[in-house]
Amino acid sequence: MDVAEVDRKLEVLSGQIEALRTTIVAIALLSPRKAALREAVEELLLSQRDRLLSEAVSDAYLEGLDSAAETILMLIRQGDS
């Protein structure tokens, strides 16, 4: 694996960590209310993504954020079932 590939993987992981950090805040505030949790997580992740777009983050970082966001929201939806 070359250096560029390692850097890209690190950026993806950094984006995923950012998504998880944002979600932890929402879970801490709303965990008993799944519908409210899902809505808050969606709003927080979208606003975080918008904020990050104004900074110098890589596409790989945003890819990691988006990937983790999709997984997190899927897990919350499964919890509603």
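These notebook entries record what I looked up in one predicted protein model.

**Entry 1: ground rules**

I number residues from 1 along each chain as its sequence is written. Because the model is predicted, I note that local features need pLDDT of at least 70 and that side-chain atom pairs count only at pLDDT 80 or more, while totals for chains, interfaces and linings use all residues, and that side-chain values use heavy atoms, with hydrogens and water left out.

**Entry 2: the overall layout**

I began with the secondary structure and found three helices and zero strands, where helices are DSSP runs of H or I with at least four residues, strands are runs of E with at least two, and both are numbered from the N terminus. Read from the N terminus on, the elements run α-α-α. I then looked up the extent of the protein, and its C-alpha atoms fill a box of roughly 45 × 25 × 15 Å along the principal axes.

Of the 81 residues, 31% count as buried, a word I use for under 20% relative accessible area, with exposed meaning over 50% and partly exposed the range in between (1.4 Å probe, protein chains only).

I also looked at contacts, meaning heavy atoms within 4.5 Å. Among those between residues at least 6 apart in sequence, 68% join residues at least 24 apart.

**Entry 3: the nonpolar core**

Which residues of the largest nonpolar core touch the most other members? I found that this core has 17 residues, and that Ala-19, Leu-37, Val-41, Leu-45, Leu-65 and Ile-72 are the ones with the most such partners. The helices α1 (3-30), α2 (34-53) and α3 (59-80) each supply at least two of its residues, and α3 gives the most, with eight. A nonpolar core here is a set of buried Ala, Val, Leu, Ile, Met, Phe, Trp, Tyr and Cys residues joined through side-chain atoms within 4.5 Å.

Leu-45 is in contact with Ala-19, Thr-22, Thr-23, Leu-65 and Ala-69. Ile-72, which is found in helix α3, touches Ala-19, Leu-20, Thr-23 and Val-41. Ile-72 counts as buried because its relative accessibility is 10%.

Is Thr-23 buried or exposed? Thr-23, in helix α1, counts as buried because its relative accessibility is 4%. Beyond its neighbours within four places in sequence, Thr-23 is in contact with Val-41, Leu-45 and Ile-72. A polar atom of the Thr-23 side chain lies 2.9 Å from the backbone oxygen of Ala-19.

Glu-18 is likewise found in helix α1, and I recorded it as buried because its relative accessible area is 11%. Not counting residues up to four places away in sequence, Glu-18 touches Gln-48, Arg-51, Leu-52, Tyr-61 and Leu-65. The side chains of Glu-18 and Arg-21 are joined by a polar contact of 2.6 Å, that is, a pair of N or O atoms within 3.5 Å, where within protein one must be able to donate a hydrogen and the other to accept it, and residues adjacent in sequence count only if both atoms are side-chain atoms.

With which side chain does the side chain of Arg-49 make a polar contact? I found Asp-66 as the partner, at 2.7 Å. Arg-49 lies in helix α2 and counts as partly exposed because its relative accessibility is 24%. Leaving aside neighbours within four places in sequence, Arg-49 is in contact with Leu-62, Leu-65 and Asp-66.

My last stop was Glu-55, in the loop between α2 and α3, which is partly exposed because its relative accessible area is 40%. A polar contact of 2.4 Å joins the side chains of Glu-55 and Arg-51. The C-alpha atoms of Glu-55 and Ala-26, 29 residues apart along the chain, are separated by 23 Å.
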